[in-house]
Protein chains: 2
Amino acid sequence: MGKRYADMNADERKAELKRLEAKLEEVRARGLKLNMTRGRPGSGQLDQVNDLITILSQEDHLSEDGSDCRNYGGLTGIPEIRRAFAEVLGIDAANLIVQDNSSLNIMYTLILHALTFGVPGGDAPWGQNPKRAFLCPAPGYDRHFAITEHLGFDLITVPMTATGPNMDMVEKLVAGNANIKGIWTVPVYSNPDGIVYSEETCRRLATMKTAAPDFRIIWDNAYVVHHLYPDQPELCGSVPEILALCAEAGHPDRVLQVASFSKVTFPGSAPACLAASKTNLDWYLGHIQFRTISPNKMMQLAHVRFLEKRGGIANVMRGHADVLRPRFEMVLKILRENLADSGLAEWHEPKGGYFISVNLRPGLAQATVNLAKQLGVAFTPAGATYPRNNDPSDSNIRLAPTLPTTDELKTAIEVFCLCVRYCALTEGNAK
Amino acid sequence: MGKRYADMNADERKAELKRLEAKLEEVRARGLKLNMTRGRPGSGQLDQVNDLITILSQEDHLSEDGSDCRNYGGLTGIPEIRRAFAEVLGIDAANLIVQDNSSLNIMYTLILHALTFGVPGGDAPWGQNPKRAFLCPAPGYDRHFAITEHLGFDLITVPMTATGPNMDMVEKLVAGNANIKGIWTVPVYSNPDGIVYSEETCRRLATMKTAAPDFRIIWDNAYVVHHLYPDQPELCGSVPEILALCAEAGHPDRVLQVASFSKVTFPGSAPACLAASKTNLDWYLGHIQFRTISPNKMMQLAHVRFLEKRGGIANVMRGHADVLRPRFEMVLKILRENLADSGLAEWHEPKGGYFISVNLRPGLAQATVNLAKQLGVAFTPAGATYPRNNDPSDSNIRLAPTLPTTDELKTAIEVFCLCVRYCALTEGNAK
């Protein structure tokens with residue numbers, strides 16, 4: 001990579017600037033129009049699961065319990081799809097229900113219902129507490145933070161570490177403040193860092209003392225089976241089973257777990273599940289029974305048949321991994337080639353999930369994203385991975401390698417590295 | 001038919017009682033187990049639309065706007081399905097959005113969001129008003145009433161007339177009480193009476209003065225295309241277009257209209273729409289964007305292709321009418337043969353929808369349903385068509401002729417008539 005900018009003398013910096021400006025001109029001349037903003041699967045992944053579209057015959061509409069999936073009924077989802085999710089999560093099918101898309105919808109509903117009705121163990125609806133707050137491990141998932149912001153919570157940022165949220169801080173906060181009603185988590189291949197929570201982190205979350213008796217962990221197991229490498233646990237083995245951990249610790253109602261097949265098959269057209277204690281499930285069902293008679297059971301049945309045909313979800317996910325692994329590795333390679341030892345950027349090398357998270361030298365993120373945008377490459381906005389879009393050190397950028405073609409991806413990441421270097425070199429001037 | 005019970009002398013009553021008791025014994029001996037409680041389509045109707053299951057090929061996943069229905073995106077639904085609903089409702093596709101199942105889900109969300117955030121034109125979330133109230137035309141749809149009961153509204157019963165809710169009463173109530181935030185309506189083939197609102201009723205709803213500036217009509221057009229007879233308007237012609245009426249009256253934001261394809265294709269697996277002013281749609285989208293990225297567009301596309309193949313929704317509904325018309329006519333025939341001029345029951349003869357509503361002589365409904373249950377025939381619970389399950393005259397029973405086989409239906413209605421007669425004759429004794 002050559003010298004760090006910090007070690008260059010004035011002439012060297014000038015030469016480097018000239019080199020970068022020439023490259024910028026080249027890129028500008030190409031008139032790029034690339035979108036790297038969101039974690040959507042690419043068409044290569046979607047094509048892999050296309051037989052879901054035609055998996056059902058006209059005679060195939062009965063669930064194993066005899067109910068006609070074409071008609072009303074069955075609030076909890078058909079038994080077969082509940083078992084499919086149970087296998088993914090390593091729990092009993094009785095501990096989960098399956099609804100339509102999406103896990104986001106379920107999480108929003110959980111929080112809104114907690115606001116309106118309260119949750120088991122609490123003494124009032126959360127909405128009656130104007131000081132209600134939620135812990136937001138960051139960098140994290142912008143849509144999580146947005147739900148609690150929209151619903152009037154104070155968002156308390158907790159830094160992520162290599163083993164999950166900073167648990168010393170979490171424990172101290174929840175023990176001392178009964179207004180803190182919950183924490184957002186993505187325990188496996190966290191969005192965006194790709195971090196897998198350590199066993200200790202899981203255990204401390206399950207056992208910690210909370211001032212709020214109705215504290216809830218939203219356990220968003222979005223990437224539980226989204227491994228990139230064959231040496232990883234096939235299904236749920238990455239972290240301890242959290243429902244059991246919480247129950248053992250005497251807090252059976254603490255955790256609300258969601259998972260989804262949106263990134264197994266078709267985003268928006270796939271089932272999602274809620275896994276929780278019987279008390280929590282009864283609470284949830286007791287409220288949603290007023291808004292729905294039953295989920296889309298035909299869609300659930302189609303997923304069951306599709307997974308049967310493919311020999312199980314682990315096989316399907318291996319197919320996705322074969323598409324995604326080269327993309328992740330290419331991004332990491334370009335980052336290494338352009339930014340390793342530069343002192344300008346650090347990143348994780350995730351073993352699964354949907355993102356690569358880059359931490360730039362503080363103060364560079366916004367400028368980098370802006371410059372890339374001028375060059376026709378849209379990245380997730382700087383700050384998006386922090387509550388209220390406020391990354392205090394203006395450092396984190398989420399790269400989403402799944403959607404573009406590999407050629408586009410290569411170009412986009414090269415442009416990204418170029419922008420980082422240019423912004424770092426011109427930082428003084430720009431300000 | 002013979003004499004009315006009221007005109008019989010003691011001997012005649014004795015003879016009649018003996019006749020009915022013999023019949024009851026006959027029925028009891030049959031050990032029936034029939035469920036007539038809910039408005040679900042029967043398998044004959046579902047079979048009619050079975051090609052929906054296989055309508056998409058693996059190559060057929062692009063919307064006309066170029067978006068891949070297999071992926072995230074498009075909060076408002078694909079353009080084709082919006083046009084399909086627009087045709088049904090006789091409005092511009094820009095005035096509606098299409099979501100997943102169900103219209104019930106949309107209505108619940110509308111009310112819960114009004115509770116939490118307030119609606120355009122209001123000065124506070126409805127939830128801040130502990131005296132909030134909702135008008136419930138009755139007999140009406142139990143799930144409507146249940147939503148507002150669950151969400152803490154005072155339910156104010158308004159009697160239904162042959163032309164819709166008693167508008168003198170509605171106008172007086174809403175003009176004098178700002179706590180009344182809305183009214184439930186099923187304008188076409190009302191549940192359960194099968195009444196079509198008159199043009200005057202629609203116009204008065206649109207123009208009436210309301211003390212609440214944020215008053216809303218929930219216009220549940222559940223049966224807009226569910227005609228039983230060929231001489232009826234094909235699509236939305238049964239009532240005036242309510243969005244336009246409200247806009248003309250200077251109240252563009254007053255009405256929130258929903259409709260659904262659940263009883264066109266497969267209940268629970270079909271799209272539903274919200275039609276409203278731009279202000280209301282923007283309000284709704286502004287909130288649901290936090291809970292969903294996009295609806296199930298594959299399901300929407302399948303419905304579009306299915307309707308194309310069948311030459312439009314009116315053709316599909318004619319097929320359903322051919323299944324349902326003989327059932328409705330059989331029920332009405334049995335009612336006439338057994339109860340006409342008896343002084344014990346009156347009923348509507350609906351031209352569409354899903355129900356036949358019978359008003360028994362006051363005080364007979366609960367006893368009739370109980371007796372039928374002892375005989376193995378479950379009807380919708382007495383009172384279910386009234387707010388808080390309280391039918392003040394214990395009179396109304398909702399018959400749902402769609403789900404059972406025709407043989408079962410014939411038996412069930414005969415048993416119903418027998419129970420009405422027996423309860424009427426023994427009423428004095430029973431009490």
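## Helices H4 and H5 of chain A

Helix H4 (residues 103–117) and helix H5 (residues 142–150) of chain A have axes that come within 10 Å and cross at roughly 25°. Axes here are lines fitted to C-alpha atoms, for helices over the stretch in contact, and angles run from 0 to 180 degrees between N-to-C directions. H4(A) and H5(A) are therefore roughly parallel to each other (angles under 35 degrees count as roughly parallel, over 145 as roughly antiparallel, 65 to 115 as roughly perpendicular and the rest as oblique). The crossing of H4(A) and H5(A) is right-handed, meaning that the near helix is turned clockwise from the far one by less than a right angle. On H4(A), the contact involves Leu104(A), Met107(A), Tyr108(A) and Ile111(A), and on H5(A) it involves Arg143(A), Ile147(A) and Thr148(A). Two residues are in contact if their C-beta atoms, placed from the backbone, lie within 7 Å. By class, the residues of this contact are five nonpolar, one polar and one charged (Ala, Val, Leu, Ile, Met, Phe, Trp, Tyr, Cys and Pro count as nonpolar, Asp, Glu, Lys and Arg as charged, and the others, Gly among them, as polar).

## Basis of the model

This is a predicted model, in which local features need pLDDT of at least 70 and side-chain atom pairs count only at pLDDT 80 or more, while totals for chains, interfaces and linings use all residues. Residues are numbered from 1 along each chain as its sequence is written, and chains are lettered from A and ligands numbered from 1 in the order in which they are written. Helices (H or I, at least four residues) and strands (E, at least two) are DSSP runs, numbered from the N terminus.

## Relation of the two chains

Chain B is superposed on chain A by a rotation of 180° with 0.0 Å of shift along its axis, at an RMSD of 0.1 Å. That is the relation of a two-fold axis. Within chain B, Thr54(B) has the C-alpha nearest the axis, 3.1 Å from it. The superposition is by least squares on the C-alpha atoms of residues with pLDDT of at least 70 in both copies.

In the interface, 42 residues of chain B are in contact with 42 residues of chain A. Helices H2 (43–48), H4 (103–117), H5 (142–150) and H10 (297–309) of chain B each supply at least two residues of the side that touches chain A. H4(B) gives the most to that side, with six residues. The side of chain B that touches chain A has 18 nonpolar, 17 polar and seven charged residues. Of the interface residues of chain B, 100% are also interface residues in chain A, so the copies meet through the same surface.

## A sheet in chain B

In chain B, three strands form an open antiparallel sheet in the order S10-S11-S13. Two strands pair if DSSP finds at least two bridges between them. Strands S10 (345–347) and S13 (396–399) of chain B stand at the edges with a single partner strand each, so one side of each is left without a neighbour in the sheet. From one strand to the next, the twist averages 25°.

S11 (residues 356–360) and S13 of chain B pair in the antiparallel sense over four bridges, and Ser357(B) has Arg398(B) as its bridge partner in S13(B). Helix H11 (residues 313–339) of chain B lies across S10, S11 and S13, running at about 15° to S11(B). Helix H12 (residues 365–374) of chain B lies across S11 and S13, at about 40° to S13(B).

## Backbone details

Ala138(A) and Pro139(A) are joined by a cis peptide bond with omega about 5°. Pro139(A) is in the loop between strand S3 (133–138) and H5 of chain A.
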